[in-house]
Structure formats: structure tokens, C-alpha cells
Amino acid sequence: MHFYVERETDCSLPFSVEEIVELVCSAVLEAENCPYEVQLNVVLTDNEGIHVLNREYRGVDRETDVLSFPNVDFQENGVFDIDEDAEADYFDPDTGELVLGDIMISLDKVYEQAESYGHSVRREFAFLLAHSMLHLCGYDHMEDAERAVMERKQEEILNGLGITRD
């Protein structure tokens, strides 16, 4: 996996962002049996920055915790059957890696929600990464059944990594 972390805020986290990104995102890809090397972008922003993006791309005029911008149009959640005709749209021609998409996380929200939920900032950041990675793998939570699947997968991945709510 090849990932890029871009910082659009001066806010920092009390751990290595790169280590957690690699740990969590790799665990999601392994759980989803992704057969490809992938690349993704993780952008760390603040409430103001994510508010602008949420309004621009989703038409929702408020801040949020995380936004996912998938590059792959999955026919079935977590099934990485890429049609040959779409390969040029999904793979980096220089590296051959599947370009999975972009994750935008508000670090302001990471701190706010960690305090609100009573767990660590590390756990909240890892949760938002796992959640967003599942979106990049084709999952959604618009319906209760979809939500239940995502919640179960998120918990299994984080528990497997020992990143719990404690």
C-alpha cells in the first residue's frame, strides 16, 4: 500500500499518523481480501476545511468528521472485480496500483468526538479511518442493514488491532 498524508491544519495528533494510517488501512484491505497494491490519500483538515468540502460536494452546510471520495465504482461491496475496460480509470499507469480514493478527516472532530465518546484520540482517528476505508471499498450506511454490516466490520478490524474503546 502506498499512501499520502497531507496536512491542511496546524492541529497535531499525539501519535504517528503514518503508522496508524498504514496499520488500519492495511487491516481493512486484508479483511476485504483486496488483491491489489493500492494507493490512497489521507487529508487532515479542521472543521472549517471539512465544512467547505461537505457543502461543496454533498450539499450539506455543516462540518462533519470524515468524508470519503472513492475512485472505484464497486458493483458489489468489497468485491474487487475490476472490469478491463475500467482499468485505465482505476489504476495508476506508472505504478500499477489501484487508486482507491481520498479520505478527509477533521482533526477538530477527532478530538471533540474522542472526548464525547470517552475514548482515546487514537481510537477515534482509527475508527474514522476504518469507516472511510470501508466506504472506499464500496460500503455505505444509508439503510439499517448496510449500517449494521459496516459497524460490525469496523469493530472487528479495530478489535483485531487492539484499538478498543478502553
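The model is predicted: local features need pLDDT of at least 70, side-chain atom pairs count only at pLDDT 80 or more, and totals for chains, interfaces and linings use all residues. Residues are numbered from 1 along each chain as its sequence is written, and side-chain values use heavy atoms, with hydrogens and water left out.

Start with the salt bridges. A salt bridge here is a side-chain nitrogen of Lys or Arg within 4 Å of a carboxyl oxygen of Asp or Glu. The count comes to 9 salt bridges. One of them joins Lys 153 to Glu 32, with N and O 2.9 Å apart. This pair links distant parts of the chain. Lys 153 sits in helix H6 (residues 144-160), while Glu 32 lies in the loop between H1 and E2, and 121 residues separate the two. Helices (H or I, at least four residues) and strands (E, at least two) are DSSP runs, numbered from the N terminus.

Lys 153 is buried at 16%. Glu 32 is buried too, at 6%.

Helix H6 also holds Glu 156 and Arg 152. Their side chains meet in a salt bridge of 3.3 Å, N to O. The two residues are 4 apart in the helix, so about one helical turn separates them. Glu 156 is partly exposed, at 47% relative accessibility. Arg 152 is partly exposed as well, at 42%.

Now move to helix H4 (residues 107-117). Lys 109 and Glu 112 both lie there, 3 residues apart, about one turn of the helix. They form a salt bridge, and their closest N and O atoms are 3.4 Å apart. Lys 109 is buried, with a relative accessible area of 14%. Glu 112 is partly exposed, at 38%.

Next comes the surface. Asp 83, Glu 84, Asp 85 and Glu 87 form a negative patch. Patches are made of residues with over 30% relative accessible area and no salt bridge; like charges are joined within 9 Å, and nonpolar side chains (Val, Leu, Ile, Met, Phe, Trp, Tyr) within 5 Å. Glu 87 belongs to helix H3 (residues 87-90). Its relative accessibility is 39%, so Glu 87 counts as partly exposed.

Return to the loop between helix H1 (17-31) and strand E2 (38-45), where Asn 33 is found. Most residues other than glycine have a negative phi. Asn 33 has a positive phi of about 55°, although it is not a glycine. Asn 33 is also exposed, with a relative accessible area of 62%.

Last, the cysteines. How many disulfides does the structure hold? It holds 0 disulfides. A disulfide is a pair of cysteine sulfur atoms within 2.5 Å. Cys 34 is in no disulfide either; the nearest cysteine sulfur, that of Cys 137, is 6.7 Å away. Cys 11 is partly exposed, at 27% relative accessibility. Cys 34 is buried, with a relative accessible area of 16%.

Methods
Buried means under 20% relative accessible area, exposed over 50%, partly exposed in between (1.4 Å probe, protein chains only). Accessible areas come from the Shrake-Rupley method with a 1.4 Å probe; for residues, only the protein chains shown count as cover. Lys and Arg count as positive and Asp and Glu as negative; His and the chain ends are not counted. The place of a charge is taken as NZ of Lys, CZ of Arg, CG of Asp or CD of Glu.
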